[in-house]
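Have the viewer open and follow along.

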Amino acid sequence: MAVKNFVVGLFDDEAVLFPAVKKVRTAGYKLHDVYTPFPVHGLDHAMGLRETSLHTAGFIYGITGTTTALTFMSWVFNVDWPLNIGGKPHFPLPAFIPITFELTVLFAAVGMVMTFCYLCQLMPGVKKHIFHPRQTDDKFVMVIELTEKSNAEEIKRFLNEAGAHDINEQRAEAGWWYGRYDKNDEDIYARPANA
């Protein structure tokens, strides 16, 4: 992953944070993320995030489970081990409904959990930079990515006017990576942010 520079601002209240997010987007700065201790209604729309497609993935996983169940049971009863049980048909669809339903729910549930963990970057061994130690405790943290067009001092003044305090500049990995917090592969934090 790429090492990038960020300006981090700390907020005490969501009533101050919410208008600040709108101001940052209006000013054209690249908003990396906002960390909150609890869900803030409407913050995802203010940040410009699109609606999740997790429900579409769940539908696809469910259809996969239905197809798997019906295909496997019809293959077993028609090709692999056809039995004549009291003259009943080899493809008794009403008898397949409970197993089909259970595999549909199983595939959809497991697939959606795995997709959710992937989208939220929640996996064993995944490491993310923590911008402030109290970012999910009782403070609200806004992280703005520095680009070639943006000036760190200008963004710091902008965040100060928007109501942030404890504003600092940090150099960190832009995304997630595999590793451990007690062992750094490369000491990216030892270099100054302006290097």
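What follows is a chat about salt bridges, a strand and a pair of helices.

Q: Before we start, what should I know about the model and its numbering?

A: It's a predicted model, where local features need pLDDT of at least 70 and side-chain atom pairs count only at pLDDT 80 or more, while totals for chains, interfaces and linings use all residues. Residues are numbered from 1 along each chain as its sequence is written, and side-chain values use heavy atoms, with hydrogens and water left out.

Q: How many salt bridges does the structure hold?

A: The general idea: side chains of opposite charge can pair when their charged atoms come close. Here a salt bridge means a side-chain nitrogen of Lys or Arg within 4 Å of a carboxyl oxygen of Asp or Glu. The structure holds 6 of them. One of these joins E145 and K4, at 3.2 Å from N to O. E145 sits in strand β4 (residues 140–145) and K4 in strand β1 (residues 3–11), so this pair ties together parts that are 141 residues apart in sequence. Helices (H or I, at least four residues) and strands (E, at least two) are DSSP runs, numbered from the N terminus.

Q: Which residues are linked with E145 in a network of salt bridges?

A: K4 and K30 join E145 in that network.

Q: Is E145 buried or exposed?

A: Buried means under 20% relative accessible area, exposed over 50%, and partly exposed in between (1.4 Å probe, protein chains only). E145 is buried at 9%, whereas K4 is partly exposed at 28%.

Q: Which salt bridges does K156 make?

A: One is with E153, at 3.7 Å from N to O. As for accessibility, E153 is partly exposed at 43%, K156 is partly exposed at 21%, and E169 counts as buried at 18%.

Q: Back to β4: why is it described as largely enclosed?

A: Because 6 of the 6 residues of β4 are buried, the strand is largely enclosed by the rest of the structure. F140, M142 and I144 point one way, V141, V143 and E145 the other, and all are buried.

Q: Which strands does β4 run antiparallel to?

A: For pairing, DSSP has to find at least two bridges between two strands. β1 is joined to β4 by 6 bridges and runs antiparallel to it; within that pairing, G9 has M142 as its bridge partner. Strand β2 (residues 30–35) is also antiparallel to β4, with 5 bridges, and there L31 stands opposite I144.

Q: How do I read the packing of α1 and α5?

A: Two packed helices are described by the angle between their axes and the distance between the axes. Axes are lines fitted to C-alpha atoms, for helices over the stretch in contact, with angles from 0 to 180 degrees between N-to-C directions. Here the axes of helix α1 (residues 14–27) and α5 come within 9 Å and cross at roughly 145 degrees.

Q: Which residues of α1 and α5 meet?

A: With contact meaning heavy atoms within 4.5 Å, V16, A20, K23, V24 and A27 in α1 meet F158, L159 and A162 in α5.
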